[in-house]
Each structure stands twice: as structure tokens, then as C-alpha cells.
Amino acid sequence: MKKREKISEAVIKRLPIYYHCLKWLENDGITRVSSNIISGMLNVTASQVRQDFSNFGEFGQQGYGYDVAFLKNQIAAILGLDKRYNVIVIGAGRIGEALANYKGFKNEGFDFIAAFDIDTKGRDMIGDVPLYHYDKLEEFAKDNRIDIAVIAIPAESCKEVAAFIKKLDIKSIWNFAPVFLYMGEDIAVENINMSESLFMLVYKANNLIKEK
């Protein structure tokens with residue numbers, strides 16, 4: 001893999017899509033694939049596919065295509081999916097519980113090791129994940145490596161909790177609270193706004209109707 005210059009965010013956002021596409025192909029027993037087939041599956045141009053991959057190295061051969069397993073593993077390494085990550089959830093409501101209980105994350109290298117809430121309601125587990133009162137988080141962080149903190153709490157508490165996470169030297173936040181978080185350049189934040197996805201769905205549906 002060649003040394004990379006700064007890659008545009010648009011390309012980076014397409015990498016997980018390519019990764020899942022290649023996983024589907026691999027699961028179907030397909031060993032080689034062309035940029036034309038990938039473009040057809042993902043609704044991007046074949047030239048865009050080739051250009052995206054060329055940012056990271058020469059993964060294919062003209063007229064021969066890409067080795068599915070090799071390319072999938074290369075993209076996994078670029079994304080950092082060749083390692084395992086310890087994840088905690090803050091907020092044991094419906095969203096937090098659903099995330100902690102989703103088995104697919106473990107298959108991708110994400111181990112949910114604990115959940116925290118201000119009201120445990122007599123529970124000590126959510127699925128297979130231990131549940132602790134929020135006031136135990138600092139002690140837990142001292143004794144365990146935490147790579148990612150998931151925030152799944154109401155908006156009014158989000159910034160205070162995020163500041164505390166940063167104080168604990170946790171470097172990545174996956175934010176499901178309905179508020180935009182920015183924690184500076186020394187901590188990675190991914191803000192998940194489900195309404196934005198819904199808005200895009202409505203836009204696409206309305207434009208399909210107009211085209212008919």
C-alpha cells in the first residue's frame with residue numbers, strides 16, 4: 001500500500017460502502033469483480049470506483065478486475081477494521097440497548113464491554129453487556145481500555161457527558177444524541193442524525209415520483 005496523502009472526506013465516506021459490497025460478494029462466493037459491477041451495485045460510476053481505490057494503491061489489473069478477498073482486507077486495514085475495539089454505551093434506553101445488543105458489531109471487531117446510565121432500574125445487564133450506574137464510569141475507565149464511547153442520551157445532557165468522556169482520555173465518540181458535538185481536533189466524533197437519513201429518503205422518494 002503506497003504512502004497516502006490527505007484523502008477527501010467524500011472518498012473516506014465511500015470506503016465502508018465498498019467494504020460491505022465486497023463482503024456481500026465474498027459471501028456469495030464471488031472471487032473477482034470489476035469496477036463496472038461495483039459501480040452498478042452502488043450507483044456510482046466505474047471511473048469513480050477506480051479513482052477512489054487509486055488513492056490507496058494499485059489493487060486491480062486492467063481487464064482482470066479486483067480480487068474480492070484481497071480488496072476487502074485492504075479496505076478493512078485502511079478503515080482500521082483489522083483491530084479490535086472496546087466500546088462502552090452511555091445511556092441504556094432503547095437506542096443504547098439496541099446498539100449494545102446488536103451482535104453484528106462483535107463480528108466486525110467491536111466489543112461492547114459495558115453500559116452506563118443514571119437509572120439502572122434494578123438491572124445489572126442489558127443483553128450480554130454489564131450495566132453500571134453512570135457514577136462508576138470514571139473508575140471503570142481507570143481499570144479498562146476504552147476505545148469508543150457511544151452516547152445515547154437526551155440532548156440536554158450530551159455536552160456535559162462528552163466533556164467528561166474527553167477528560168477520561170477516550171478518543172472516539174459515536175454520538176446518537178440529537179445534538180451536534182464538536183470536541184476539538186484531538187478527539188474523533190461521529191454525529192448520527194437519523195432525521196437526516198429520513199429527510200434524504202423523502203427527497204429521493206419525491207424525486208422518483210416527479211420523474212414518472
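**Ground rules**

I count a polar contact as a pair of N or O atoms within 3.5 Å; within protein, one must be able to donate a hydrogen and the other to accept it, and residues adjacent in sequence count only if both atoms are side-chain atoms. I am reading a predicted model, where local features need pLDDT of at least 70, side-chain atom pairs count only at pLDDT 80 or more, and totals for chains, interfaces and linings use all residues. Residues are numbered from 1 along each chain as its sequence is written, and side-chain values use heavy atoms, with hydrogens and water left out.

**Entry 1: the whole chain**

I began with the secondary structure and found nine helices and ten strands. Helices (H or I, at least four residues) and strands (E, at least two) are DSSP runs, numbered from the N terminus. The C-alpha atoms fill a box of roughly 60 × 45 × 35 Å along the principal axes. I then looked up burial: 39% of the 212 residues count as buried. Buried means under 20% relative accessible area, exposed over 50%, and partly exposed in between (1.4 Å probe, protein chains only). Next came contacts, meaning heavy atoms within 4.5 Å. Among those with a separation of 6 or more, residues 24 or more positions apart account for 58%.

I looked for N175 and found it in strand β9, residues 172–175. Is N175 buried or exposed? N175 counts as buried because its relative accessibility is 0%. What does its side chain reach at 2.9 Å? I found the backbone nitrogen of A177 there. Leaving aside neighbours within four places in sequence, N175 is in contact with I151, C158, L181, E190, N191 and I192.

I173 is also in strand β9. At 3% relative accessibility, I173 counts as buried. I noted that I173 and M183 are ten residues apart along the chain, with their C-alpha atoms separated by 9.3 Å. Not counting residues up to four places away in sequence, I173 touches several residues, including A149, I151, A162, I165 and L181.

**Entry 2: helix α8**

I moved to α8, residues 155–167, which has 13 residues. From first C-alpha to last it reaches 19 Å, close to the 18 Å expected at 1.5 Å a residue. The expected span is 1.5 Å times one less than the number of residues. Which residues of α8 are buried? I listed C158, V161, A162, F164 and I165. An α-helix has 3.6 residues a turn, so residues three or four places apart point the same way. The cover over the buried residues of α8 includes β4 (85–90), α7 (137–143), β8 (148–151) and β9. After α8 comes D169, with a positive phi near 65 degrees.

The twelve residues of α4 should span 16 Å at 1.5 Å a residue, and its end C-alpha atoms are 16 Å apart, which agrees. At the start of α4, I saw a side-chain oxygen of D67 reach to within 3.2 Å of the backbone nitrogen of A69. Just after α4, G80 takes a positive phi of about 90 degrees. The buried residues of α4 are V68, L71, K72, Q74, I75, A76 and I78. Their cover includes α1, β1 (32–33), α3 (46–54) and β3 (65–67).

How do α1 and α4 meet, then? The axes of α1 (residues 9–27) and α4 (residues 68–79) come within 9 Å and cross at roughly 150 degrees. Axes are lines fitted to C-alpha atoms, for helices over the stretch in contact, and angles run from 0 to 180 degrees between N-to-C directions. Among the residues making the contact are L15 and Y19 of α1 and L71 and I75 of α4.

**Entry 3: two more residues**

E108 is in the loop between α6 (104–107) and β5 (110–117). At 18% relative accessibility, E108 counts as buried. Beyond four places in sequence, E108 touches Y19, H20, K23 and L81.

A115 is in strand β5, and it is buried, with a relative accessible area of 0%. A115 and Y134 are 19 residues apart in sequence and 8.5 Å apart in space, C-alpha to C-alpha.
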